[in-house]
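These are my notebook entries from a first look through one model. I wrote down what I looked up, in the order in which I looked.

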Amino acid sequence: MNFNKQFFLFIILISIICITENKTVSESRTFEQKKVERTEKKIQENLLFTLGCNSCHAFEGPSKKIPLNARKRIKGPNLWIAGNKYQKKYLETWLQKPTPIRGVIWGTMRKGTFHHPSLSSQKAKIVSSLLQNYKDLQIKTGTVPKWKKIPRRILRKARILFQKKTPCYSCHKVYIRKTVYRTPIKVGGESGPSFINAGKRLKGDFIYFFLKNPKRYNPNGRMPVFGDKAFHVLNETDMVALSAYIMSFR
Ligand code: HEC
Ligand code: HEC
């Protein structure tokens, strides 16, 4: 009986030791894991610099207005709002196989296309999720509804705004459907970024906030300020409609 009691106590002691051992092991593991996660994040952030992206792109904003004669210094768009602006899936494919977005060399009115450096699929994956962290907190999500199919009344209104009232396509390339043509035709000027497949590239909320305040996102650009007091052609509902319309280009 006495032996049994001692044996029982011994078993309990062993189990307690085992449990505490295990606990310290799992605790130290989460600590290790956290350390790995932190280092991984640092490596990712450094990756943009190691890959040389910062030689042409700024990652901080809002960018300042630069005098015309010094614009040559800006080699590429400021990516401080990359997370608000680009869809992750788009970035991942584009970075592996970059196709020109503009018919002019960035920051100039010179006709031509730029051959962007490309990344391996593994690097593109890391970089595209990393770029999603670059955000302007002033851009509120949920401003432009994510319609699978844009409602007809909004489509009709936006089409007239885009094609007639404010000729957006005088600077942006698009496929548009005109009543006299059966199939959509490619129209548009060169000075702005192309809107072909813009619904796969951009995010609706970004388009709305950009239209409201283009100078915040591109102080050196030529995009007109349509909603200001002096040139009040578009109101807020118009801008939501236009943003949803641009998101339907895919
Ligand atoms: C030699 C300069 C240069 C380097 C280096 C460079 N970029 Fe660019 N990048 C540009 C230019 C110029 C554009 C505008 C392209 C256009 O208008 O067709 C651009 C555009 C972009 C865009 C926007 C695409 C869009 O749809 O508007 C992203 C995102 C981007 N670059 C990411 C990167 C990343 C990530 C790296 C680092 C791996 C990088 N860039 C390295 C010059 C550069
Ligand atoms: C006078 C030419 C011009 C007109 C007209 C114009 N844009 Fe733009 N737009 C620009 C330029 C230039 C940029 C920014 C520069 C760049 O990124 O190359 C721009 C940028 C944009 C962007 C940001 C997209 C991106 O990829 O950076 C959106 C969205 C946009 N315009 C929407 C519109 C809409 C909607 C209209 C009509 C209401 C319009 N634009 C009319 C020239 C124009």
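Entry 1, a contact across the chain. I began with Asn 197, which, leaving aside its neighbours within four places in sequence, is in contact with Phe 249 and Arg 250. I count two residues as in contact if their C-beta atoms, placed from the backbone, lie within 7 Å. Asn 197 and Phe 249 are 52 residues apart in sequence, and their C-alpha atoms are 5.2 Å apart in space. I found Asn 197 in the loop between strand 2 (185-187) and helix 6. Phi of Asn 197 is near 65 degrees, a positive value in a residue other than glycine. The cut-offs are 20 or more other C-beta atoms within 10 Å of a residue's own for buried, 12 or fewer for exposed, and in between for partly exposed, with C-beta atoms placed from the backbone.

The model is predicted: local features need pLDDT of at least 70, side-chain atom pairs count only at pLDDT 80 or more, and totals for chains, interfaces and linings use all residues. Residues are numbered from 1 along each chain as its sequence is written, while chains are lettered from A and ligands numbered from 1 in the order in which they are written.

I listed nine helices and two strands for the protein chain. Helices (H or I, at least four residues) and strands (E, at least two) are DSSP runs, numbered from the N terminus. Along the sequence the pattern reads α-α-α-α-α-β-β-α-α-α-α. The protein chain has 250 residues, of which 20% count as buried. Of its contacts between residues at least 6 apart in sequence, 63% join residues at least 24 apart.

The peptide bond from Gly 61 to Pro 62 is cis, with omega near -5 degrees. I placed Pro 62 in the loop between helix 1 (2-50) and helix 2 (82-85).

The buried ones are Gly 204, Asp 205, Phe 206, Ile 207, Tyr 208, Phe 209, Phe 210 and Leu 211. Their cover includes helix 2, helix 8 (214-217) and helix 9. I then looked at Asp 205 in helix 7. Asp 205 is buried because 20 other C-beta atoms lie within 10 Å. Beyond four places in sequence, Asp 205 has contacts with Asn 84, Ile 139, Lys 140, Thr 141, Thr 143 and Val 144. Asp 205 and Asn 84 are 121 residues apart along the chain, with 7.7 Å between their C-alpha atoms.

The largest nonpolar core has 35 residues, and Ile 207 and Leu 242 have the most contacts inside it. Such a core is a set of buried Ala, Val, Leu, Ile, Met, Phe, Trp, Tyr and Cys residues joined through C-beta atoms within 7 Å. Which helix gives the most to this core? I noted helix 9, with eight residues. Leu 242 touches Ala 158, Leu 161, Phe 162 and Leu 211, not counting residues up to four places away in sequence.

Helix 9 has twelve residues and reaches 17 Å from its first C-alpha to its last, close to the 16 Å expected at 1.5 Å a residue. The expected span is 1.5 Å times one less than the number of residues. Nine of the twelve residues are buried, so helix 9 is largely enclosed by the rest of the structure. Helix 5, helix 6 (198-201) and helix 7 are among what covers the buried residues of helix 9.

I counted a residue as near a ligand if its C-beta atom, placed from the backbone, lies within 6 Å of it. Around ligand 1 there are 25 residues, of which Cys 53, Cys 56, Gly 76, Arg 102 and Trp 106 come nearest. Helix 3 gives the most to this shell, with three residues. Around ligand 2 there are 20 residues, the closest being Cys 168, Cys 171, Gly 192, Gly 221 and Met 223. Here helix 7 gives the most, again with three residues.
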